[in-house]
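User: I would like to learn how to read the features of a protein model. Please take me through them in turn.

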Amino acid sequence: MGASSSTPSKATAQQREVDSLAASTGALPLLQKSFAKLADPQTNTVSLQSLQQCFGLSCKGPIFEASGMPDYFPQLLDHVGSSMVDLFFVPEKGGISWVEFVRGYVNCCGRMSASMSLNTLFRLFAMTVKKAGLLLKMEFESDDVDCKINGSLRAIDVLVLLWICWTMVWNTTTSKFVKGKANLFLPRINHLVLSAVISCADFGSGLDPWECNISSLEVELPVGKFLSWTLTTVPGLTECLTQFVNTRLQNLVTMEDESGPSVSHSEDISSKASDALLLTHGRAWAISLAAKSTIREEVLKTCLALDGVAMDGNLLYRSSLLGRGLNRFWSNIEGYHGPLLLLVSASSQDANEDTGKVRRWIIGALTQQGFENRDTFYGSSGSLFAISPIFHAFSPSGREKNFMYSHLHPTGRGYEPNPKPVGIAFGGTSGNERIFIDEDFAKVTVRHHAVDKTYQSGSLIPNQGFLPVEASISEVEVWGLGGRTAKEIQTSYKKREQLFTEQRRKVDLKTFASYDDSPEKMMMDMMADPNRVEREDR
């Protein structure tokens, strides 16, 4: 143990208590090793400066941002480490002892409810803003971790808070691949901020999401409503702080020297973000925050791919590159047995305007399994997403199980009096689907949530009325989230199918006994006298 050299062989009751709390989180071995790295051998305590440096989030290199970054954002990052130490770790005379080191970790990363973890994150944000000398209209009634928070947040405050959480995630991921510090890239996350504004503000429903400027938006979001929005829409936000702290401590143990040169991969990533891909880094991060923990890691790998290899490898289908239509779609996703993310970009006329404006929006569906050619709904679970211009997530309601539908034209069948729809669908019922994509990938129909009992209610596109919305599709993307194993299985499946196809195309003439039995003889006889009747041998 980190404090064994200066404490009696028999641990004190206080030390046993904190050790038990740390053990409940599974981080006791990590804390022991990191304390041994940080502690002064003579005093067996950790200095405040060492701990602040360990949790520092300052960015020394340039910040590549999508748009709208406040000038004071780098200053906020400089104060995250010191705010974390001052807020959670109580120093004794001479430094932070083992007991206070473990207790500080438990205070910020211990086992607690999602609402308490969110309160902890907000408390760190408030302390950081205060240290930077900025104004924040958020007050805590007490020092308890589950105390009530009063006040309000501006739209720009929400943007900054989300970007700080992204920076933690970014730092957590890049530290696994880059020695030293990688330049920071801030994605465009206006769809997340607008989701919070429309859900929490009193006049949010009257906002035009296509013409809105976040930096100049004067709106106050009650903290209570924002807490509820976070827990329901982006529950994964509560894990950003814990993952950041654990990764920093792990890096401290595993990396002997972190003072190597800074390696910049931001040029590759920023260029990727400017591409026409529907799954940008900001959209992928939003989906990961709303998805279950089992899928979240794969989505993060895709949106945080440093060299683009993981991003390109997970992209199974893109209509603008591989061709439109259900057949082209099927030839690229068939054999993939794993979670899939399907994104659709479409354009429709705003139902509430007489100006004839055409609005572009993006929706998505996350499945827990691969597509199958069936004439009925199937699936065990899934989620629907309104992605742009406003983000919303719709998880299963538990009332029905019509999660997904994918049906190709039947082969080898005769006349069908009641043919099944050919296309891809999610939710609803046959002929009355919540989302339906036609077989040519030309039109997508989005219906009101009243027709759907599988997914939770809510609008998939802004200003969606009760009537079905038929929109023109501009792009379709499918991303595989089953990891390397699912991709390898699909590759083997495609090779096997290709081998079978080549074998079926070949005719081995050696199987025929003579020329009279060969296909050539049969064709010649038919061409010579097609009406000739030959007696069959019985």
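User: In which hand, left or right, does α2 pass α10 in their crossing?

Analyst: A crossing is left-handed if the near helix is turned anticlockwise from the far one by less than a right angle, and right-handed if clockwise. In this predicted model, α2 passes α10 in a left-handed crossing. The model is predicted, and local features need pLDDT of at least 70, side-chain atom pairs count only at pLDDT 80 or more, while totals for chains, interfaces and linings use all residues. Residues are numbered from 1 along each chain as its sequence is written, and side-chain values use heavy atoms, with hydrogens and water left out.

User: At what angle do the axes of α2 and α10 cross?

Analyst: Axes are lines fitted to C-alpha atoms, for helices over the stretch in contact, and angles run from 0 to 180 degrees between N-to-C directions. Helix α2 (residues 28-38) and helix α10 (residues 240-254) cross at roughly 60°, and their axes come within 9 Å. Angles under 35 degrees count as roughly parallel, over 145 as roughly antiparallel, 65 to 115 as roughly perpendicular and the rest as oblique; α2 is therefore oblique to α10.

User: Which residues of α2 and α10 meet?

Analyst: Contact means heavy atoms within 4.5 Å. From α2 come Leu30, Leu31, Lys33, Ser34, Lys37 and Leu38, which meet Asn246, Leu249, Gln250, Leu252 and Val253 of α10. For the classes, Ala, Val, Leu, Ile, Met, Phe, Trp, Tyr, Cys and Pro count as nonpolar, Asp, Glu, Lys and Arg as charged, and the others, Gly among them, as polar. The contact of α2 with α10 has six nonpolar, three polar and two charged residues.

User: How do α4 and α6 pack, and at what angle?

Analyst: Helix α4 (residues 73-88) packs on helix α6 (residues 114-131) at about 120°, with the axes 8 Å apart. This angle makes α4 oblique to α6. Their crossing is right-handed. The contact includes Leu76 and Phe88 of α4 and Leu124 and Met127 of α6. Its residues divide into eight nonpolar, five polar and three charged.

User: How many helices and strands does the protein have?

Analyst: Helices (H or I, at least four residues) and strands (E, at least two) are DSSP runs, numbered from the N terminus. The protein has 18 helices and 15 strands.

User: Is Thr172 buried or exposed?

Analyst: Buried means under 20% relative accessible area, exposed over 50%, partly exposed in between (1.4 Å probe, protein chains only). Thr172 counts as buried because its relative accessibility is 9%. Thr172 sits in helix α7 (residues 155-174). A polar atom of its side chain lies 2.7 Å from the backbone oxygen of Met168. Leaving aside neighbours within four places in sequence, Thr172 is in contact with Gln243, Phe244 and Thr247. Of the 538 residues of the protein, 48% count as buried.

User: Which side chain does a polar contact join to that of Arg359?

Analyst: A polar contact is a pair of N or O atoms within 3.5 Å; within protein, one must be able to donate a hydrogen and the other to accept it, and residues adjacent in sequence count only if both atoms are side-chain atoms. The side chains of Arg359 and Asp208 are joined by one of 3.3 Å. Arg359 lies in strand β8 (residues 358-367) and is buried, with a relative accessible area of 6%.

User: Where is Gly423 found?

Analyst: Gly423 belongs to strand β12 (residues 423-429), and it counts as buried at 0% relative accessibility. Gly423 and Gly325 are 98 residues apart in sequence and 9.1 Å apart in space, C-alpha to C-alpha.
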